[in-house]
Amino acid sequence: MEYRFRLSKGREVKYISQLDFARTIERALRRAKLKVKYSQGYNKKPIIIYGPALAVGITSNAEYLDVEFEEILPEEFLKRQLNNVLPEGLRVLHVRQKNGLIPLHKLNRSIFTVELFFENSIGKEALEKAIEGIKKSEEIYVRKKTHEEEKLVNIAPLIHGIFLEEFKLTQAQIVMELSTGQGGSANPFMIIPLIIENIGEATVYIHRNETFFEENGKRIFPM
Amino acid sequence: MKLNLENTLDKVLHKVSKPTRYIGNELNSVKKNEGEFKVRVALAFPDLYEVGMSHLGLKILYHILNNRDDVFAERVFAPWVDFEEIMRSKNIPLFSLESKTPLKEFDFVGFSLQYEMSYSNVLNMLELSHIPLRAKDRSDNHPIIMAGGPCAYNPEPLSEIIDFFVIGEAEEVIHEIIDLYLECKVKNFNRQEFLLKLAQIEGIYVPSLYKPLYNDDGTLKEIKPIYDTLPKRIKKRIVKDLDRVFYPTKFIVPYMDIVHDRAVLEIFRGCTRGCRFCQAGMIYRPVREKSVERLKSLAKEIIDNTGYEEISLASLSTSDYSALKELVEILTDEFRNCAVGISLPSLRIDSFTLDIAKKIQEIKKSGLTFAPEAGTQRLRNVINKGVTKEDLICSVRGAFLAGWNNVKLYFMIGLPTETYEDLEGIADLAKEVVNEYKKIKGTAKGLQVTISTSVFVPKPFTPFQWEPQIPLDEMEKRQNFLKKILKGPGINYNWHDRYLSFLEAVFSRGDRRLGEVLFKAHEKGCKFDGWNELFSFNKWMEAFKEAKVDPEFYALRKRKEDEYFPWEIIDPGIEREFLLKERERAFEAVFTPDCRYNCCNNCGILKLGKGIKCGV
């Protein structure tokens, strides 16, 4: 029986990579003594499907994964068992049987909240203007590193929404809706430096609020 | 300070490679609140997180210390150069992973010395902590710097830096150290007084209380305690009963991929095979095993607490565990349903262990490694490696029949008495392995035989401690010779950096005068010498020159039989007479059988006393 899990990733674990995250989940499932279905063959692996990877350094409330178990288990039980053994910073928020839910590989959008703490007080207009500039650009080239090569990618088409949510002298909160997943993905770390380059140095905290599927203005959520 | 540091880290960590190295917060890592404990200990590993976290000794000490309510033990590793640069520019001091406390605020900083080429990192880590590098420059307010591990068996090169060394197994003596410290702390703490009292504890070497005297020819005359009440030699500490000694089961589970990312089950300590180049086989005596019962319950607990997908049976020579087959059967049955694999490193492959290897393969497949160490029977007799060509060929045949097609063969070059004939022997062995595969499969296609050679480094407390290392140009010649003859389908050859081996030879048998070289090398920026991309042999050579120390005196000199060695301030329970006798037998190419199954070879370990028993 397949179940979908929604997890949060806190500050304690925000630097762990997608691979680290996957290992952590596999080990937690073993500690929870849940009857996970394993692949056959020499290198037995639990059958788990992960949603779109999160860039290193970002916290989240929207990490999704599907796990296949040998048996039918109550959703609340699964949540409790896993939460008992997960390390600090990782929490199961919700569990549901996977039946009828949208496949995770189809998820193509994420919403992020970016919090900026500037070293000095800054002007709101300047910030708004910089955000407006990003919104209007048709070409924004950033360097993207894959395993060995570095290439220039235009991320402008991957930005679907960006606005200033809150502002207080040295603090600002910006919300972004960006493409994610296999069809191309951007993250706020690529965009923030462009916004603040002429404004001032800031400590940046980024949080993923939700991930979903979008097509022609229609949204389907994973749970 | 602490909160500030966390904020600063948020600003910089996303700019460095693998920030998980500096974060902590792993499952089973320990947190204690200020005020709950009395002594703060930093367990420092002079290499990267992924190397240090793979080390069993560190895990044992971490949990032993944290099991005490009055102690908080935290971890710290050497930061990689990208983060070091930021630390220096932003004035971030080296801090512990658990509570992000600067090292300077600890009571103790303990370094694990696994490898001579990590010494430069010890100095760098002290500097990054803003702790004076020289022991004599530290005051009562500075942490006390301790060190242990295999390199502590020759403590002299680091003796101007480290306040005290722990010789041997630390499980018991660590409590005595903490207790004495607590006692001294309630009174008016005085660093010198504490160290003086500490020096009375068996297994503790406080180098500032000992003075080396030299002969005119530069050799050592003796190392003398400055007070008569101090021990003349420092006896190593050992744990008598391995079944009863503490063993952690709540291992920290790292997030990032580390070098050995698996649960570790230590099955026994010591090895009496008697390979004459091997320091571990001498200094970790006697052999002591854990019982199958105890191991079974430990293994279960460890997997329950960690969820690891693999458990590794650790020892110096896994196949020498007396109930290996039984243990492997019990563990495979136990873990079959939750897909936990078993790995057997340091396995001596023969027909018996091959059966076990096949059993393990039921769950997970791993490569097979053989270590003949030398290419001819004559040279294998010299080093007392009791493996014959027939053994090897028979084992690889079994492995090929069982489906393996990837084998690694380890050799050393530059062993005492080695000739080019012995090197040709390496190529002959490799070719015979390939032929064996062809006999079975009809072709060499799909086969991979990897030959690795390291350069022999003579080590203290081995029968070869008197021997010179071969010179650098000769190393090059022999490596080139092998490159030429180790060719053909299915054969790969790789070799170890000879410059590193040379420096290793200098420091492993070095004396106190090398301290000056370390300071100079550190000033020149030497660090992470074990890492290709940072190692600079030229800087080291300049350091030797400026310190007016001749490295060849240490690496290339053949010692006289009666020379007094720097490491002889330590007593590992192995007698000089035994080593000399073994040296003689080496040059006669005579094999000495393992005393576990044959008669006693009088190595001297029994004289350490305290009810130690040999064998099992």
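A charge sits over a ring if NZ of Lys or CZ of Arg is within 6 Å of the ring centre and within 35 degrees of the ring normal. In chain B, Arg134(B) lies over the face of Phe519(B), at 3.6 Å from the ring centre. Arg75(B) is placed likewise over the face of Tyr62(B), at 5.5 Å from the ring centre.

This is a predicted model, in which local features need pLDDT of at least 70, side-chain atom pairs count only at pLDDT 80 or more, and totals for chains, interfaces and linings use all residues. Residues are numbered from 1 along each chain as its sequence is written, chains are lettered from A and ligands numbered from 1 in the order in which they are written, and side-chain values use heavy atoms, with hydrogens and water left out.

**Helix α17 of chain B**

Helices (H or I, at least four residues) and strands (E, at least two) are DSSP runs, numbered from the N terminus. Helix α17(B) covers residues 514-523, and seven of its ten residues are buried. Buried means under 20% relative accessible area, exposed over 50%, and partly exposed in between (1.4 Å probe, protein chains only). Phe519(B), the residue whose ring lies under Arg134(B), is one of the buried residues of α17(B). Others among them are Leu514(B), Val517(B) and His522(B). The buried residues of this helix pack against α5 (119-128), α16 (498-508), α18 (537-546) and α19 (551-555) of chain B. Contact here means heavy atoms within 4.5 Å. Just after α17(B), Gly525(B) has a positive phi of about 95°.

Gly510(B) belongs to the loop between α16 and α17 of chain B. Its relative accessible area is 0%, so Gly510(B) counts as buried. Leaving out residues up to four places away in sequence, Gly510(B) touches Asn154(B), Glu156(B), Pro157(B), Tyr554(B) and Pro566(B). Gly510(B) and Tyr284(B) are 226 residues apart in sequence, and their C-alpha atoms are 21 Å apart in space.

**Aromatic rings**

Rings of Phe, Tyr and Trp (its six-membered ring) pair if their centres lie within 6.5 Å; planes under 30 degrees apart count as stacked, over 60 as edge-to-face and the rest as tilted. Over all chains, the structure holds 36 aromatic pairs. In one pair, Phe189(B) and Phe194(B), the ring centres are 5.8 Å apart and the planes stand at 45°, so the pair is tilted. Both Phe189(B) and Phe194(B) are buried.

**Single residues of chain B**

Is Leu56(B) buried or exposed? Leu56(B) has 16% relative accessibility, so this residue counts as buried. Leu56(B) lies in helix α3 (residues 56-66). Apart from neighbours within four places in sequence, Leu56(B) is in contact with Tyr247(B), Phe251(B), Val264(B) and Glu266(B). Pro248(B) is 192 residues from Leu56(B) in sequence, with 9.8 Å between the C-alpha atoms.

Asp179(B) is part of helix α6 (residues 173-186). At 39% relative accessibility, Asp179(B) is partly exposed. The C-alpha atoms of Asp179(B) and Asp70(B) are 9.9 Å apart, although 109 residues separate the two along the chain.

Two residues other than glycine have a positive phi: for Lys18(B) the value is near 45°, and for Phe461(B) near 60°. Lys18(B) is in the loop between α1 (2-12) and β1 (39-45), and Phe461(B) is in the loop between β17 (448-455) and α15 (472-485). The table gives their relative accessible areas.

| Residue | Relative accessible area and class |
|---|---|
| Lys18(B) | 46%, partly exposed |
| Phe461(B) | 3%, buried |

A cis peptide bond joins Arg285(B) and Pro286(B), with omega about -5°. Pro286(B) lies in the loop between α8 (280-283) and β12 (288-289).

**Chain A as a whole**

Chain A has four helices and eleven strands. Its C-alpha atoms fill a box of roughly 55 × 35 × 30 Å along the principal axes. Of its 223 residues, 50% count as buried. Among contacts in chain A with a separation of 6 or more, 73% are between residues 24 or more positions apart.
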